[in-house]
Amino acid sequence: MRMFISAVILAAVVATMVRTPSFAESAVPAPSTAEMLVKLKPNDIASILRDAGYRADVVTENNRTRIRTGMGGYNVNVYMYGCDEDGACSSIQFSLGLTKSPNYTLSVANKWNQDKRFTKAYLDTSGNLFMEADVYFRGGIGRDAVSASARLFDDLVGDFRRMVSAVNRAK
């Protein structure tokens, strides 16, 4: 009897030492930390955009570097923020700027902001219309997520163009 109890205890100890994956571990694979980036340089971002099918020119003017690209039929700038002395940045902003037009009104910007989540639109003090979206790298971001953010902004720029056209046709 004593031998039987010892065998049961030994089996229980061995069973607790064997690691079995939990449901969460087997259902969703953890991302590789090698793929996650917390800072990107302008050339890295330009490379990601090119790989996603966009043109991407790194431009430096007045000691400020940005990427010039095209989305939705417009010229778009990608600005870098939170950059260190090596030029590696912790966030980016996609920005579309449109020169003042009677078609670009505060009501158009407000309608956009009311209907859309992932970008903001506003008029500057000169009446130029801007549409912007931010991407923050805290905790790490993969190249695919940066590409997806670019595609989302591109889609929303196209939506914006269609909305402005519809508002103008309704006038």
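Five helices and six strands: that is the secondary structure of this protein. Keep in mind that the model is predicted. Along the sequence, the pattern reads α-α-α-β-β-β-β-α-β-β-α.

Now the sheet. A quick reminder first: strands of a sheet pair through backbone hydrogen bonds, either parallel or antiparallel. Here the pairing is antiparallel, in an open sheet of six strands. What is the strand order? It is β1-β2-β3-β4-β6-β5.

Look at the edges. Why is one side of β1 and of β5 left without a neighbour in the sheet? Strands β1 (57-61) and β5 (120-123) stand at the edges and have a single partner strand each, so one side of each has no neighbour there.

Let's zoom in on one pair. β4 covers residues 91-98, and β6 covers residues 129-136. How many bridges join them? Eight, and the two strands run antiparallel. One example is glutamine 93, whose bridge partner in β6 is aspartate 134.

Next, the helices on the sheet. Helix α3, residues 42-51, packs on the sheet and touches β1, β2, β3 and β4. Its direction makes about 5° with that of β2. Helix α4, residues 106-115, packs on the sheet too, touching β5 and β6. The direction of α4 makes about 165° with that of β5.

Last, the whole protein. There are 171 residues, and 33% of them count as buried. Take the contacts with a separation of 6 or more: 53% come from residues 24 or more positions apart. The accessible surface is about 11000 Å², and carbon and sulfur atoms hold 55% of that.

How values were computed: Residues numbered from 1 in each chain as written. Predicted model: local features only at pLDDT ≥ 70, side-chain atom pairs only at ≥ 80, totals over all residues. Heavy atoms only, no water. Pairing = 2+ DSSP bridges. Helix = DSSP H or I, 4+ residues; strand = E, 2+ residues; numbered from the N terminus. Contact = heavy atoms within 4.5 Å. Axes fitted to C-alpha atoms, helices over the stretch in contact; angles between N-to-C directions. Buried < 20%, exposed > 50% of the residue type's maximum accessible area, 1.4 Å probe, protein only. Areas by Shrake-Rupley, 256 points an atom, 1.4 Å probe, with all protein chains shown as cover.
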